[in-house]
Amino acid sequence: MITDYFSAPSDEAAAAVIDGGPSGTPGTGFRTIALNGIEPVVQTGTMEELLTGVDYETVAANPRQGRVVAVRDSGEGLVIALTDELRAALVQASEGELREVAGRWARTEEFRGQSDPAALAEVLGELASLARDAQARDEHLYCWVCI
């Protein structure tokens, strides 16, 4: 599973990258980070729970959480929205908080004990940087998935 996380000004703009992804679609200029292996619904929902303290069921009930904004080939290509609450939590988190969350995130059942907390801290740092840029441009976060 290939997962590219990016920011875009709207669901419509994000959906436009369905065929080639945010890096492979000319003219978008979307800032993109490749985070293969970080699934954009359950794993990011758990990340949001850990960052915000809001229980997973509430996170999952958010209309933007995991919402598919574009689909191709019966789900082999997807563009999925992330919540603005996750963006805000990433923006507000300090480096120390991100490291602490990475340690707890690595121990969740989604990773099955197979993830390095230091590597996940780097992932969270990259996502926090993307989130800060997105907030500065008044954009939302998305994930392009290719299976």
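This is a predicted model: local features need pLDDT of at least 70, side-chain atom pairs count only at pLDDT 80 or more; totals for chains, interfaces and linings use all residues.
Local features require pLDDT of at least 70 and side-chain atom pairs pLDDT 80 or more, while totals for chains, interfaces and linings use all residues. Residues are numbered from 1 along each chain as its sequence is written, and side-chain values use heavy atoms, without hydrogens and water.

Helix α5 (residues 84–92) packs against helix α7 (residues 117–136) at about 110°, with the axes 8 Å apart. Axes are lines fitted to C-alpha atoms over the stretch in contact, and angles run from 0 to 180 degrees between N-to-C directions. Helices are DSSP runs of H or I, at least four residues; strands are runs of E, at least two. The pair is therefore roughly perpendicular (65 to 115 degrees). From α5, Arg87, Leu90 and Val91 meet α7 residues including Leu124, Leu127 and Ala131 (contact: heavy atoms within 4.5 Å).

The largest nonpolar core has 32 residues. Such a core joins buried Ala, Val, Leu, Ile, Met, Phe, Trp, Tyr and Cys through side-chain atoms within 4.5 Å; buried means under 20% relative accessible area, exposed over 50%, partly exposed in between (1.4 Å probe, protein chains only). Tyr5, Leu51, Leu90, Trp105 and Leu127 have the most contacts inside the core. Helix α7 gives the most to this core, nine residues.

Serine 129 lies in α7. Its relative accessibility is 22%, so serine 129 counts as partly exposed. Its side chain makes a polar contact of 3.1 Å with that of arginine 31 (N or O atoms within 3.5 Å, one able to donate a hydrogen and the other to accept it; residues adjacent in sequence count only if both atoms are side-chain atoms).

Key: Angles under 35 degrees count as roughly parallel, over 145 as roughly antiparallel, 65 to 115 as roughly perpendicular and the rest as oblique.
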